[in-house]
Amino acid sequence: MSLHDPKYLDQETYQQIFAKHETYRIFTPLIQDRNTIRFHLKEDDYQLREGLDGEELDLFFDGEMRDGFVSIFRNRPEGKVYAKSIPWEGWDSLRPVISEFPKAQIVGVDRMGQVMRLGGKESAVEQAVGEMVFDTTVIEGYVYLIGRGKVWRRDAVDTYTLIAEFSGKQPRIFRRIAGIAANDFYIADEQGDLFHFDGHQLNPTSFQPSQFLKEKVVHQSPTIYENQPEPEQITCIAHFAPNELYLGTSTGRVLAQTLAGWIELKRSQPEQMTYPIRSIVKCQERIFVATGFWGRYNILNRWQQKHLWEIKGNEVQRADAPEEVHDFAETLDAKDGVLLVAGSRGALLWDGVQWEVLIDAQAYHTLSAEQLEVIEADQAAKASEELSYEQVLENISNKTGVLVAEMANKLEELKDSPKYWMSGLPPLITREGWHAEGFEILSDKEVQVIQGDLSCGKCLEFYGPLTLVFGNVSAQNLIIEGEVLIQGNLQVENVIYAYSESMGKLWVGGDLQARTWLSLGQKLEVRGAVSVEHFCTQQSFGYQMEQFPEDQDFITDLDGHLVPELFKDEALDFEELLMRIEKNEAILRS
């Protein structure tokens, strides 16, 4: 069975909506009716992505991912099949749903209780709930919200009626809600307890978290962080009928309520169902399941091996669908007789007979012959400089010098780092030494190995994860982010500015000479003599220099010593600091 593709979006429209650098990705699919399909978009959770033109784009907005919406209207004439609303800024974990009352439109509520509505010729922010909100759903057309032991219903614009509140001694944080009627819905809290609302009050159910949820489990998530044992969580509630209730957990398990009690459904391929259950929906009398991450870890779904699952009896099986469908299956919605399957690749719609393509990112990734030639030429040029990590490690082992062992260890650590398990190791570029008259910036995407001396007439900038220099380094000014090891001497006419969010380190095997050393989170180790007029740092970074003269004074009061132009709203302006160093302008008060 092949996929039907009506081409709702042409390539130009796709680029307009999702941005040329693919900034936005589908986060939540929302069915208003079978012909009106809406998508909640979020910015990609990569810090940086590189476009074909080499231009880099910072994808964060003040530390937060921005939201957006796009709608596809399947029954409208060509040229009027989509609408977009991008961006929505300042929302913290926005959870949109499709409300039917008082109007059919998108209603979104974020974690801080801010409320927005979109659609039906409206785009507005409503009065806030006034308390934190952790999940939303729609029951009989009305939006329901849950927070710290409370349940609200949105009865009208700016009107949120408190319909239930937990009365126990211990405070509760409600995490998931689903239901079929105003007097028949379920809520799961952070501890895994499940409650039922009968129209009057919340009542505990027979579900025993201590029996069905694991107290300590290592969640299978391909992050750069070490996974620690945590309690298993309820990540999804699916309520289809009075006696048809399912729970999904953070370890990829599905629990079902039966007349005899709760049971765990068998998984036909348990090794493929280890990620959190994100969606359980019912369409055409079939029950579908999708696993995946959300929140800031939504990016991890790119590397997950995706599958669309289906519940058949007491077993979760791989759904009978065209093979290509599974690659879209990160999150689901079902309504009005259609199933919506969506993820980072795009979205598909199934009406019980046919699979229809709504958005397929791969269809818009066709490059022109000229673009391919540029890419291939660039790759060939890099390949001539690039050696394998094993080759470089072998070359280092044959060298002698005070930092040879440290250089080999650092390269080995990077090669084995879990950070690169998914994306692959950065290119390793080896070069002979050279001199640059002007600025010289070493890419943040590459590991650099410089076999000789490196000198720069103006500002030299190291941004890569690891830079190894076997000779001497000299420059007018030096900017460092990441790990840098210099076998010889380091001589800088004015300022060394070293900053690192991960406590990187500058190693110098010979002597260090500079007028000013400014460190924000960067360590320093010098095996030779140190001659620096001003050592500046911030105590809040826990700074510790391992080699320095005993009589050396440290400047930790940056506000009192840096020029006032470097401060904006009483905070250090890092962009202005970088610009002044690059221009060789003074950063210290005279």
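**Buried pairs and an open sheet**

Reader: Let's start with D189 and R172: are they buried or exposed?

Author: Both are buried. Keep in mind that this is a predicted model.

Reader: And what makes D189 and R172 a salt bridge?

Author: Their closest N and O atoms are 2.5 Å apart. The cut-off is within 4 Å, so the pair counts. D189 sits in strand 16 and R172 in the loop between strand 14 and strand 15, 17 residues apart.

Reader: How do you know that R345 and D327 form a salt bridge?

Author: Here the closest N and O atoms are 3.1 Å apart, so the pair passes the test of being within 4 Å. R345 lies in the loop between strand 29 and strand 30, and D327 in the loop between strand 27 and strand 28, so the pair ties together parts that are 18 residues apart in sequence.

Reader: Why is R345 called buried?

Author: Its relative accessible area is 10%, and buried means under 20%. So R345 gets that label.

Reader: Why is D327 called partly exposed, then?

Author: D327 has a relative accessible area of 29%. Exposed starts over 50% and buried ends under 20%, so partly exposed is what's left in between.

Reader: On to the sheet with the order 7-8-9-10: what makes strand 7 and strand 10 its edges?

Author: Four strands form this open, antiparallel sheet. Strand 7 and strand 10 each have a single partner strand, so one side of each is left without a neighbour in the sheet.

Reader: How do you know that strand 8 and strand 9 pair?

Author: They share four bridges, and pairing takes at least two, so they qualify.

Notes:
Residues are numbered from 1 along each chain as its sequence is written. This is a predicted model: local features need pLDDT of at least 70, side-chain atom pairs count only at pLDDT 80 or more; totals for chains, interfaces and linings use all residues. Side-chain values use heavy atoms; hydrogens and water are left out. Helices (H or I, at least four residues) and strands (E, at least two) are DSSP runs, numbered from the N terminus. A salt bridge is a side-chain nitrogen of Lys or Arg within 4 Å of a carboxyl oxygen of Asp or Glu. Buried means under 20% relative accessible area, exposed over 50%, partly exposed in between (1.4 Å probe, protein chains only).
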